[in-house]
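I opened the notebook to look through this structure piece by piece. Here is what I am working from.

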Amino acid sequence: MKVVIMGCGRVGGRLATILDAGGHKVVIIDVDSYSFRWLPSAFKGTALVGNGLDEQTMIKAGIENADVFVSTTEGDNRNVMAAQIAKHIYNVPRVVSRIYDPIREEMYSKLGIETISPTKVGAELLQKVIEE
Amino acid sequence: MYIIVVGGGESGYYIARTLLNGGHEVLVIESDAKRCTIISDNLGNIVFRGDGCEAATLEEVGTNRADILIGVTGHDEDNLVACQVAKHKFNVPRTIARLKNPKHEGLFKKLGVDVTVSSTNLILANIKRELPDSPLCSLLAIKGGTLEVVNVKIPPNSPVVGKQLSELELPEESIICLVVSKGGSTQIPKPSTVLAAEDEIVAITTPENEIALQNALIGNSS
């Protein structure tokens with residue numbers, strides 16, 4: 001699969017690493033090249049400096065032929081806007097977005113964006129551990 | 001009307017002031033404490049400190065009874081999300097977003113934002129109007145951008161100089177609304193109105209016919 005990831009933090013970087021090791025074609029975008037330190041030296045994918053909300057960066061990242069787009073920047077709004085650009089402008093078949101705010105997460109999942117709220121998932125996991 | 005303004009920067013401040021003067025109920029949502037103080041010192045207790053993109057904040061300020069929500073933060077993505085949450089979660093009938101990147105206009109419309117205002121395009125249009133070789137400039141978009149009001153200055157070498165309006169061949173959906181002479185006097189256009197060099201014409205056209213209208217009024221030279 002061709003996967004474009006926006007945001008190379010701990011999560012984005014790790015996801016890129018795992019997918020790359022699994023044989024997928026990965027392009028990871030970040031506004032700051034220093035973020036690419038999260039990628040291992042064995043990373044075979046492409047690390048691209050740029051803003052995922054920017055048309056040129058998206059095209060350079062190969063969004064037009066991507067199978068999956070994932071947004072994992074620190075900003076919920078940036079993530080959902082980029083996800084909606086990928087879905088509605090470039091018709092990427094699968095679009096997944098990280099949204100911290102559980103209420104916004106619920107709303108956007110109703111609007112057709114696959115969403116994951118680390119806040120919700122993390123709290124539920126912790127609750128499970130405590131109550132076991 | 002109850003109008004919520006997300007973003008208490010300069011734009012948010014002046015929008016709130018204008019709306020208050022118009023007798024509306026206005027609430028500004030701003031996350032920065034300093035900006036909140038400036039606004040409440042000048043305009044009264046109309047500020048709520050918080051994140052206007054957060055559904056919980058919008059719930060707290062009674063967004064479900066708002067008539068309009070205006071997103072004027074400095075970030076396109078925040079304006080988009082504030083409008084989308086207002087629309088989809090609180091059924092706000094009208095949402096307006098300020099845009100910095102004009103390329104996002106189509107996306108915002110597609111995603112349900114009712115009105116977009118591109119500050120970059122407005123600045124560009126205003127500057128273009130002041131440039132010497134810019135015969136046509138867009139003054140205002142109406143009907144959701146399907147029509148626009150334009151201003152055209154007739155250059156001395158234009159083929160329409162000395163012609164009556166009835167002799168002009170204008171593109172479809174283009175209407176001349178006003179002729180302003182070089183001296184500043186205005187005329188409601190009649191078929192017999194004769195155009196002179198340096199006249200300024202205010203017309204309505206569609207974005208598609210803009211170039212055709214320009215060519216009809218100033219010639220094909222460009």
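**Entry 1: domains of chain B**

Which domains does the domain assignment give for chain B? I looked it up: domain 1 covers 2–122 and domain 2 covers 131–218. Before going on, I noted that this is a predicted model. Then I checked the spacing, and the C-alpha centres of domain 1 and domain 2 of chain B are 36 Å apart.

**Entry 2: chain A as a whole**

I went through the elements of chain A and got five helices and six strands. Starting at the N terminus, their order is β-α-β-β-α-β-α-β-α-β-α.

Next I looked at the overall dimensions. Along the principal axes, the C-alpha atoms of chain A fill a box of roughly 45 × 35 × 25 Å. I also checked the radius of gyration: chain A has 15 Å, and this agrees with a compact globule because such a globule of 132 residues would have a value near 14 Å.

I looked up burial too, and 42% of the 132 residues in chain A are buried. For contacts in chain A with a separation of 6 or more, I found that 44% are between residues 24 or more positions apart.

**Entry 3: a buried loop residue**

I picked Ile113(A), which sits in the loop between α4 (102–110) and β6 (114–116) of chain A. Is Ile113(A) buried or exposed? I count Ile113(A) as buried because 20 other C-beta atoms lie within 10 Å, and 20 or more is the cut-off for that word.

Then I listed the contacts of Ile113(A), leaving aside neighbours within four places in sequence. Among them are Val80(A), Ala83(A), Gln84(A) and Lys87(A). Val95(A), Ser97(A) and Tyr108(A) are on the list as well. I also looked at Val96(A): it is 17 residues from Ile113(A) along the chain, and their C-alpha atoms are separated by 6.4 Å.

**Entry 4: Asn91 in each chain**

I read up on phi before this one: most residues other than glycine have a negative value. I found Asn91(A) in the loop between α3 (76–88) and β5 (94–98) of chain A. Asn91(A) is exposed, because 11 other C-beta atoms lie within 10 Å, and the cut-off for exposed is 12 or fewer.

Asn91(B) lies in the loop between α4 and β5 (94–99) of chain B. Asn91(B) is exposed, with 11 other C-beta atoms within 10 Å.

**Entry 5: where the chains touch**

**Entry 6: the cores**

A general point I jotted down first: in soluble globular proteins, nonpolar side chains tend to be buried together. Here the largest nonpolar core has 66 residues. The residues with the most contacts inside this core are Val4(A), Ile5(A), Phe69(A), Val5(B) and Leu69(B). Another core, of 14 residues, lies apart from it and includes Val160(B), Leu213(B), Leu217(B) and Ile218(B).

I followed up on Leu69(B), leaving aside neighbours within four places in sequence. Its contacts include Ile4(B), Val6(B), Ala82(B), Cys83(B) and Val92(B).

**Entry 7: a sheet in chain B**

I traced an open sheet of five strands in chain B, in the order β7-β8-β11-β9-β10, with antiparallel pairing. The edge strands are β7 (136–142) and β10 (186–187), each pairing on one side only.

I then looked at one pair: β7(B) and β8 (147–153) of chain B run antiparallel and are joined by six bridges. Leu140(B) has Val149(B) as its bridge partner, and Ala141(B) stands opposite Glu148(B). The hairpin of β7(B) and β8(B) has four residues between the strands, and Lys143(B) in this hairpin takes a positive phi near 50 degrees.

Note on methods:
Residues numbered from 1 in each chain as written. Chains lettered and ligands numbered in written order. Predicted model: local features only at pLDDT ≥ 70, side-chain atom pairs only at ≥ 80, totals over all residues. Core = buried A, V, L, I, M, F, W, Y, C linked by C-beta atoms within 7 Å. Contact = placed C-beta atoms within 7 Å. Domains from an automatic or database assignment. Helix = DSSP H or I, 4+ residues; strand = E, 2+ residues; numbered from the N terminus. Rg over C-alpha atoms; globule rule 2.2 N^0.38 Å. Pairing = 2+ DSSP bridges.
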